[in-house]
Amino acid sequence: ADKFLEDAIDALLEENPTMPTETKEDHLRIQRQADAFTPEEIDELLIKYDCEGPSGKPYSPSFPFNLMFKTSIGPEGTSVGYLRPETAQGLFVNFKRLLDYNAQKMPFAAAQIGLGFRNEIAPRGGLLRVREFCMGEIEHFVNPADKSHPSFPTVAEKTLILFGADDQLGSGKTTTITVGEAVKSGLVNNETLAYFMARTQLFMEKIGMDPARLRFRQHLKTEMAHYACDCWDLEIKSSYGWVECVGHADRACYDLDVHAKATKTPMVATHKLDKPQEKVVAKLKFDRKTLGKSFKADQRVVSGLLETLAEDWDTFEPIATALETEGKTTVDGFEITKEMVSWTKASKKVYDIKFTPSVIEPSFGMGRVLYSLLEHSFYQRGADEQRCVMRFNPQVAPQKCAVLPISSSPETNAVVDEIASSLMDCDLATRVDKSTASLGRRYSRSDEVGVPFAVTVDFDTLTDGTVTLRERDSTVQIRLPKDEVTKIIFDIVHSRTSWEEAKKKYPAVTVDEDGNGTASSQTIGPTVIAKNSRGTFSRPSQPI
């Protein structure tokens with residue numbers, strides 16, 4: 001229902017371009033809160049904006065529904081199960097094993113990638129809104145009393161575009177601020193959450209996203225999960241508008257607490273103190289017979305709850321007071337009477353503190369990130385619809401280099417195969433195009449699939465062992481020995497050097513997209529690309 005409301009507001013604003021700014025902002029404010037309204041509020045707004053179904057009649061009253069897919073388990077289908085809506089719970093269930101694997105040290109993180117399933121009622125937008133999707137999640141377990149991050153200073157000066165809850169309900173404008181200032185001002189809840197937000201921004205920029213089309217939107221109180229302390233979504237702007245692609249949530253201790261209660265297994269970590277501390281506790285003595293009669297199978301659960309509370313007198317004191325004055329009290333749904341337990345106030349030395357960790361979770365929607373990258377990378381060279389280019393960074397381009405022969409002679413093809421083999425031996429995916437199409441056309445084919453570099457083997461290669469290396473976006477070419485091609489591409493792909501550094505090291509050859517041009521090298525002298533019935537080749541511009 002919220003999508004119908006958003007579409008209706010978009011249509012209203014499009015039909016009324018001269019609408020007063022103040023009125024327009026009121027409509028946009030409602031649109032930003034669309035998924036945070038109650039069913040009753042949504043119904044009122046659908047009527048207000050005259051939303052109708054395909055039949056021309058008003059929509060029926062909206063109602064909540066289960067986003068999880070229900071299924072039957074077993075040959076008879078008597079057991080009910082649900083497809084997982086996220087991968088995180090597998091990590092929470094295995095928390096104790098993960099903690100042991102990390103030698104009981106806190107904080108630590110675990111990551112997982114896999115499929116999630118959600119009962120999407122209106123799949124659309126290609127990879128953006130689907131029922132089965134790939135997601136990657138990081139669960140960072142941290143002491144709830146200390147959510148600082150040791151690496152936070154390395155990203156504290158990183159600037160982010162933040163769209164806070166107050167701004168969404170107010171001005172509707174974003175704030176550009178450093179991560180350090182966002183934490184200091186309280187806009188972002190804690191260092192660890194802000195650290196992962198900054199790292200996500202850096203990752204998106206590294207793979208080739210446009211920083212101007214990235215922002216972090218804070219969840220409104222009405223849409224935030226009941227257990228969450230703070231949530232920020234990385235939204236990426238595409239032709240579909242702002243799309244949520246990565247969620248960053250401080251899930252507090254909720255997940256581990258729920259699993260601990262359901263499995264009757266403590267999900268706790270230990271913080272060792274530098275110096276022992278004196279702590280006031282309650283020493284309990286249970287009347288097992290009375291407990292057994294009252295709670296039967298839950299006897300151990302009740303005694304465990306009381307023992308946990310007794311670890312801190314300040315926590316246990318209200319229970320003790322209620323038992324003394326009223327003779328009974330309720331603990332987590334269990335009614336405790338004075339006859340079941342006795343206690344004494346005592347002090348003890350504490351060498352460590354046990355706690356249930358909080359969880360900071362970045363959650364990546366892989367399909368949405370991939371789609372956004374494709375859209376951000378696409379452009380048309382010179383506004384020519386026939387010359388499309390995918391501007392993939394060398395680090396993420398599926399194919400790193402194209403190897404193109406200028407003629408189909410066996411000698412030229414042998415060099416092409418030699419260079420391609422060298423590239424692939426270094427795990428650099430390579431595209432070889434030996435077709436008879438023009439050189440410019442073969443360059444365009446490589447550009448269309450985002451190949452960042454192209455090596456051209458020409459007639460000079462057979463005499464002096466040099467080739468040209470073309471960079472996709474600038475179309476600039478340099479001439480270098482064929483034995484150095486693999487190393488320079490490998491170093492650029494692994495961020496050990498850059499194309500700018502390569503241009504300083506090797507002479508440039510300016511060639512247009514049809515393969516014609518002159519060399520600007522001071523090292524090997526000016527050359528021109530010539531064509532005749534035998535093919536295309538380079539030669540000195542002046543007779544020797």
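**Charged side chains in a predicted model**

Asp 7, Asp 10, Glu 14 and Glu 15 gather in a patch of negative charge on the surface. This is a predicted model, in which local features need pLDDT of at least 70 and side-chain atom pairs count only at pLDDT 80 or more, while totals for chains, interfaces and linings use all residues. Residues are numbered from 1 along each chain as its sequence is written, and side-chain values use heavy atoms, leaving out hydrogens and water.

User: What makes a group of residues a patch of negative charge?
Analyst: Patches take residues with over 30% relative accessible area and no salt bridge, like charges being joined within 9 Å and nonpolar side chains (Val, Leu, Ile, Met, Phe, Trp, Tyr) within 5 Å; Asp and Glu count as negative.

User: Why is Glu 15 called exposed?
Analyst: Exposed means over 50% relative accessible area, buried under 20% and partly exposed in between (1.4 Å probe, protein chains only); Glu 15 has 60% relative accessibility, so Glu 15 counts as exposed.

User: Why is the contact of Asp 458 with Arg 479 called a salt bridge?
Analyst: The term requires a side-chain nitrogen of Lys or Arg within 4 Å of a carboxyl oxygen of Asp or Glu, and the closest N and O atoms of Asp 458 and Arg 479 are 2.8 Å apart. Asp 458 lies in the loop between β19 (453–457) and α16 (459–464) and Arg 479 in strand β21 (residues 477–481), so the pair ties together parts 21 residues apart in sequence.

User: Why do Asp 458 and Arg 479 count as buried?
Analyst: Asp 458 is buried because its relative accessible area is 3%, and Arg 479 is buried because its relative accessibility is 7%.

Key: Accessible areas come from the Shrake-Rupley method with a 1.4 Å probe; for residues, only the protein chains shown count as cover. The place of a charge is taken as NZ of Lys, CZ of Arg, CG of Asp or CD of Glu. Helices (H or I, at least four residues) and strands (E, at least two) are DSSP runs, numbered from the N terminus.
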